[in-house]
Amino acid sequence: MALRKAWYIAVGRGDSLYKAGANAWLSRKEVHCFLNVAGDFTFDEAFWLAIARSYTDDPGLAARLARTKIARTPRGELAFSREVTRFFCGHPASKEEIDDLCDYIGAMHQRDAAYSLKGRTLASLRRQMLEWHRDIAAIERIEAMRRRAAGRGPPTAGPQSKSRAWDGSRLEDWEWRPSAKEAKAHGERFFVRQLKTAEDLVAESRAMHHCVSMYAAKCIAGYASIWVLRRTALGKIERLLTIELDPQNRAVQVRGFGNRVASPEERKIVERWAKARGVVLKA
């Protein structure tokens with residue numbers, strides 16, 4: 001509201017809107033377009049129509065983009081929202097589809113501030129959005145199972161918390177740092193941790209291309225626990241293995257990407273963890 005009021009005052013005085021502060025948000029060309037928008041557009045819609053017109057010569061496409069959820073994004077996300085606008089100017093879609101894709105794009109950007117649309121296509125975004133919706137549905141199904149097992153009702157509004165986790169195994173997580181001589185990279189370390197939420201289980205299933213999320217019911221009932229082996233070095237985390245334990249802490253399955261078996265090096269790390277935590281591995 002403050003920005004809108006300041007711009008109205010500047011225009012009413014006959015001042016240069018660009019010099020009055022609009023240059024922090026818009027180029028000269030965009031300010032000119034903003035001031036000459038015709039039609040029934042709100043302030044925010046006119047703002048984004050002006051930006052869209054700098055990326056496309058199609059006034060109809062720019063007007064359509066201005067009426068999507070892009071116009072409702074916080075101006076603190078201006079740089080990313082410009083990228084989104086530029087993308088849809090180059091990859092036109094219906095208002096309804098753009099709104100649906102904006103939900104997905106916004107969720108990815110919230111999860112990872114470095115998320116970018118560079119190199120992506122409309123077809124790839126559609127596919128990824130469908131996978132995202134399937135993951136959401138899977139998480140909701142698992143959450144429903146967990147709540148039934150815990151004797152709780154539907155979730156209440158508010159931030160997610162540890163209450164969304166099931167009890168799981170009592171084994172503690174584990175970490176190992178190779179010696180400087182053994183390490184393949186500076187700061188290399190390996191850790192094994194238990195997955196105890198629907199979000200983590202579904203994310204592991206998606207990233208590793210296997211069906212570990214199907215074991216949620218067993219985990220919630222206490223018939224199994226799922227563990228992951230990760231490697232971290234040079235600021236990057238690498239997914240290595242997914243491990244299923246039974247209630248007696250016996251390893252039922254140890255699998256990598258696409259259900260591959262563990263490599264000899266990975267097996268040695270798993271054996272080190274098993275010895276430290278009393279886990280029984282298959283011969």
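Predicted model: local features only at pLDDT ≥ 70, side-chain atom pairs only at ≥ 80, totals over all residues.
Helix α7, which spans residues 122–150, contains 29 residues and extends 42 Å from its first C-alpha to its last, close to the 42 Å expected at 1.5 Å a residue. After α7 comes G151, a residue with a positive phi near 70 degrees.

The packing of helices may be considered next. Two packed helices are described by the angle between their axes and the distance between the axes. Helix α1 (residues 2–13) and α3 pack with their axes 11 Å apart and at an angle of about 75 degrees. Angles of 65 to 115 degrees count as roughly perpendicular, and α1 and α3 are therefore roughly perpendicular to each other. On the α1 side, R4, W7 and Y8 take part, and these residues meet F43, D44 and F47 in α3. By class, the contact of α1 with α3 consists of 4 nonpolar, no polar and 2 charged residues.

Helix α3 (residues 43–53) also approaches helix α4 (residues 59–66): their axes come within 8 Å and cross at roughly 140 degrees. An angle must be over 145 degrees to count as roughly antiparallel; α3 and α4 are therefore oblique to each other. Their crossing is right-handed. From α3, the residues in the contact are E45, W48, L49, A52 and R53, while α4 contributes P59, A62, A63, L65 and A66. The contact of α3 with α4 comprises 8 nonpolar and 2 charged residues, with no polar ones.

Strand β3 (residues 225–233) runs antiparallel to strand β4 (residues 236–245), and 9 bridges join the two. One of the paired positions is I226, whose bridge partner in β4 is E244. Between β3 and β4, which form a hairpin, there are 2 residues. In this turn, L234 has a positive phi of about 55 degrees.

Strand β4 also pairs with strand β5 (residues 251–255), again in the antiparallel sense, over 4 bridges. Here L245 has A251 in β5 as its bridge partner. β4 and β5 likewise form a hairpin, with 5 residues between the strands. N249 lies in that turn and has a positive phi of about 60 degrees.

Note on methods
Residues numbered from 1 in each chain as written. Heavy atoms only, no water. Axes fitted to C-alpha atoms, helices over the stretch in contact; angles between N-to-C directions. Parallel < 35°, antiparallel > 145°, perpendicular 65-115°, else oblique. Left-handed = near helix turned anticlockwise from the far one by under 90°. Contact = heavy atoms within 4.5 Å. Nonpolar A, V, L, I, M, F, W, Y, C, P; charged D, E, K, R; others polar. Expected span 1.5 Å × (residues − 1). Pairing = 2+ DSSP bridges.
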